[in-house]
Amino acid sequence: MWREFFGRWMFHTEIEPAADAPFHADITVRSAPGLSVTSSSLSQVRLTRTPTLVADGNDDLVLFVMTSPGAVVQCGRETAYNAGEAVVMTAAETSTCVARGPARYRCLHVQPGVLAKLVPDLDDVLVRRIVPPTEALQYLLSYIRFLEEQQACADPELARATALHMRDLLALALGASRDAVFIAEGRGLRAARLQAMRRYVADNLSDGNLTVSAVAARHRVTPRYVQRLFESEGTTFSEFVLELRLTRVHRMLADPRYAGWTVSAIALETGFGDVSYFNRRFRRRFGASPTQFRA
């Protein structure tokens, strides 16, 4: 059923499981305008686009990253890849991909028309490895993880912006033209950096030393660049951190699981080092003291 329905009918791919291991597959496909993301956990398999299946007319450019090593063959080229490296292929040509063991993989399918305007000589990137750390690839994978965390992207504008930024990052990873680099760095890469910084701040709110310099060092940019990114969104880095911390305190004060915590303990847990300052900012933001709100 898996080979016939999912493999041949949906993905137009022959799926051959390893003969000496039990078969397992868990696959989710998410779509955004002009691209799709496949997230999968697979037992050891061999994936083949045969001449018959290639006749489906699909000419997507495909970038995939696996957590186990393997090898791909296409267009007379063969390359072995290591876990965590990305490989670029096309759905328009016959191909074979062999995973050396059970793996989780992420696969990005993009219509080549738009990319051809950004990346000269797309054929030259086929069956090419992209070896980490590559900044554009890391941010692209971050966007893919963002899509995986969403049950659905209900906002059409957000879906379009996400797809646009992902294409920009893919173009940068593949080798965009000079003009395309200028556009993509000012659009997709900038947005990806800002998203990554926001996530980093949210994950490290309890760190009292969470400063603009620390975030800049983590993302290998200057503190001024970080400030400009947040200013372009109508805020500052400090205001963003403060709002996130106040919102988290607000949520914890209303959560019965923290009923035994003092207000001071909650403030310290969310990164406030000065309790008096925290009380003033909380009252200004929510119109009541933390104790009054909890009561």
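Trainee: In which hand does α6 pass α9, and what makes the crossing count as such?

Mentor: In this predicted model, α6 passes α9 in a right-handed crossing. The word applies because the near helix is turned clockwise from the far one by less than a right angle.

Trainee: Why are α6 and α9 called oblique to each other?

Mentor: Their axes are 10 Å apart and the helices pack at an angle of about 45 degrees. Angles under 35 degrees would count as roughly parallel, and 65 to 115 degrees as roughly perpendicular; α6 and α9 are therefore oblique to each other. The contact joins Arg198, Val201 and Ala202 of α6 to Phe237, Phe240, Val241, Leu244 and Arg248 of α9, and by class these residues divide into six nonpolar, no polar and two charged.

Trainee: What makes α5 oblique to α6?

Mentor: The axes of helix α5, residues 156-174, and α6 come within 8 Å and cross at roughly 120 degrees. The range for roughly perpendicular ends at 115 degrees, and roughly antiparallel needs an angle over 145, so α5 is oblique to α6. The crossing of α5 and α6 is left-handed.

Trainee: Which residues of α5 and α6 meet, and how do they divide by class?

Mentor: On the α5 side they are Leu164, His165, Asp168, Leu169 and Leu172, and they meet Val181, Ala184, Glu185, Arg187, Gly188, Leu189, Ala191 and Ala192 in α6. By class, this contact has eight nonpolar, two polar and three charged residues.

Trainee: What volume does the largest pocket have, and which residues are the closest to its centre?

Mentor: The largest pocket has a volume of about 590 Å³. Of the 30 residues that line this pocket, Phe11, Thr13, Val62, Cys107 and His109 are the closest to its centre.

Trainee: Which elements supply at least two residues each to the lining of the largest pocket?

Mentor: They are helix α1 (2-10) and the strands β2 (25-32), β3 (35-42), β4 (45-49), β5 (61-66), β8 (86-90), β9 (95-99) and β10 (103-110). By class, the lining of the largest pocket divides into 17 nonpolar, ten polar and three charged residues.

Trainee: How much space lies in the second largest pocket, and what supplies the largest share of its lining?

Mentor: About 500 Å³ of space lies in the second largest pocket, and of the 15 residues that line it, Gln138, Tyr139, Ala196, Arg218 and His219 are the closest to its centre. Helices α4 (135-149) and α6 (178-203) each supply at least two residues of this lining, and the largest share, five residues, comes from α4. By class, the lining of the second largest pocket has four nonpolar, five polar and six charged residues.

Trainee: Is the peptide bond from Pro132 to Pro133 cis or trans, and where does Pro133 lie?

Mentor: The bond from Pro132 to Pro133 is cis, with omega near -5 degrees. Pro133 lies in the loop between β11 (129-130) and α4.

Trainee: What is phi of Cys75, a residue other than glycine?

Mentor: Phi of Cys75 is near 55 degrees, which is a positive value. Cys75 is found in the loop between β6 (70-74) and β7 (77-81).

Technical notes. Residues numbered from 1 in each chain as written. Predicted model: local features only at pLDDT ≥ 70, side-chain atom pairs only at ≥ 80, totals over all residues. Heavy atoms only, no water. 1 Å grid on protein atoms, 1.4 Å probe; cavity = no way out; pocket = protein on both sides within 12 Å on 5 of 7 lines; lining within 4 Å. Points joined across faces, edges and corners; volume = space filled by probe spheres on them. Helix = DSSP H or I, 4+ residues; strand = E, 2+ residues; numbered from the N terminus. Nonpolar A, V, L, I, M, F, W, Y, C, P; charged D, E, K, R; others polar. Axes fitted to C-alpha atoms, helices over the stretch in contact; angles between N-to-C directions. Contact = heavy atoms within 4.5 Å.
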